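Thank you all for coming, and please look at the sequence and the fold together while I talk. I will go slowly and give the cut-off for each term when it comes up.

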Amino acid sequence: MIDLRSDTVTRPDEQMREAARDAPVGDDVYHEDPTVNELQNRVAELLGTEAALLVPTGTMGNQVAVRTHTERGQEVLCERESHVYRWELAGLVQHSEVQPRTLDGGARGVITPEQVHEGHVERSGHRPGTGLLTLENTHNARGGVAMSVDTIAAAAAAAHEHDVPVHLDGARLFNAAVARDRDAAAFVEHVDSVMCCLSKGLGAPVGSMVAGSAAYIERARRTRKLMGGGMRQAGILAAPALEALSNRDRLAEDHRRAERLATGLDRIPGLDAHDPETNLVLVETDRPAEAVLEDCEAEGLLAVPFDDHLVRLCTHLDVTDDDIDEAITAAERAVGTAAGRHR
Ligand SMILES: *Cc1c(COP(=O)(O)O)cnc(C)c1O
């Protein structure tokens with residue numbers, strides 16, 4: 001079975017397993033886990049921030065970040081298809097009691113400075129005031145779109161004009177960095193906090209990071225505790241995550257394979273593949289996505305439905321060039337079988 005559902009399906013390699021076994025650990029709630037401290041320092045250094053905090057998941061990272069930035073009742077500006085708004089069980093409302101105001105970023109999910117100015121609400125006797133702008137890079141639902149540093153900087157600058165802080169959902173920030181040939185820190189420089197997942201393209205079994213100023217991370221640590229995310233000997237998780245950091249440069253391979261996959265799938269009648277910018281491939285399907293995916297699974301290929309006639313495939317650490325060829329062949333057979341049924 002070729003599993004292209006997500007870059008989260010990777011299995012930790014021997015090196016990661018050994019690192020977990022051998023990690024020096026302590027109680028991280030007491031700040032005493034040396035491996036967690038090392039990971040947090042290393043990620044802060046990579047992202048160019050004063051501090052960073054290990055959280056179990058990207059979702060908790062985003063939710064901790066939002067709650068730490070905002071006051072109950074404020075508005076939060078976010079893209080219409082953004083993960084924090086659409087795919088986190090209305091956590092904005094449940095955890096932070098804020099009111100999302102969505103902005104339509106169009107096909108690439110890009111939020112412009114004009115949209116930020118227009119969406120901004122000034123606090124008054126009648127209006128709650130905007131407490132935060134969230135951005136996402138790469139943009140998941142828009143197909144792994146890699147926004148430029150300038151795009152991020154422009155939207156962030158508009159928010160800052162209104163004294164509104166900015167959180168960047170960088171679940172796949174390192175993919176964006178590789179695609180745009182920039183350091184991850186170049187994106188982070190323009191925002192007030194960032195979340196990035198070590199459990200996606202980099203292949204760590206567990207772990208995401210929230211990064212920002214030392215004062216912000218100190219407060220985020222309290223929010224993490226509130227949400228039940230204060231872990232004890234978490235060095236067992238931090239050690240493989242440290243190993244995973246060395247997989248940043250090889251993300252270019254995933255991007256190359258995504259292109260190869262998109263080209264192959266696009267040649268199949270009934271499938272229309274979008275041009276990938278990173279490791280996600282969106283494919284429009286003539287037949288309902290669920291039916292196409294069922295036939296693909298029968299042929300040995302797994303992907304996820306994204307809409308009624310849209311599926312997403314994702315290249316990752318555990319996929320080879322041969323797997324990509326096999327995936328294309330499986331999709332061809334799946335579409336062919338369906339055509340046969342209709343004759
Ligand atoms: C995956 C993802 C998350 C959430 O990460 P989890 O570790 O699955 O909770 C947040 N934002 C984006 C853009 C993602 O793709």
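What you see is a predicted model, in which local features need pLDDT of at least 70 and side-chain atom pairs count only at pLDDT 80 or more, while totals for chains, interfaces and linings use all residues. Residues are numbered from 1 along each chain as its sequence is written, and side-chain values use heavy atoms, with hydrogens and water left out.

Let me start with the ligand. There are 14 residues around the ligand, and those that come nearest are G58, T59, N140, D169 and K200, where being near a molecule requires a heavy atom of the residue within 4 Å of it. From the side chain of T59, an N or O atom lies 2.6 Å from an oxygen atom of the ligand, and a polar backbone atom of G58 is 2.8 Å from a ligand oxygen. N140 places a polar side-chain atom 2.9 Å from an oxygen atom of the ligand. On its own the ligand has 380 Å² of accessible area, of which the protein covers 85%; such areas come from the Shrake-Rupley method with a 1.4 Å probe, and for residues only the protein chains shown count as cover.

Which elements give two or more residues to the shell around the ligand? They are α3 (58-69) and β7 (193-197), and α3 provides the largest share, 3 residues. Helices here are DSSP runs of H or I with at least four residues, strands are runs of E with at least two, and both are numbered from the N terminus.

Now to the aromatic rings, where the structure holds 1 aromatic pair. W87 and F306 are stacked, with 6.4 Å from centre to centre and 20 degrees between the planes. For this term, rings of Phe, Tyr and Trp (its six-membered ring) pair if their centres lie within 6.5 Å, and planes under 30 degrees apart count as stacked, over 60 as edge-to-face and the rest as tilted. Because W87 lies in the loop between α4 (83-86) and α5 (91-96) and F306 in strand β12 (residues 304-307), the pair ties together parts that are 219 residues apart in sequence. W87 counts as partly exposed at 42% relative accessibility, whereas F306, at 17%, counts as buried; buried means under 20% relative accessible area, exposed over 50%, and partly exposed in between, with a 1.4 Å probe and protein chains only.

Two other buried residues deserve a look. N279, in the loop between β9 (271-273) and β10 (280-285), is buried with a relative accessible area of 0%. Its side chain makes a polar contact of 2.9 Å with the side chain of D7, a term that asks for a pair of N or O atoms within 3.5 Å and, within protein, for one able to donate a hydrogen and the other to accept it, with residues adjacent in sequence counting only if both atoms are side-chain atoms. A52, in strand β2 (residues 51-55), is buried at 6%.

Finally, some backbone details. The peptide bond from N137 to T138 is cis, with omega near -5 degrees. L89, in the loop between α4 and α5, has a positive phi near 55 degrees and is exposed at 74%.
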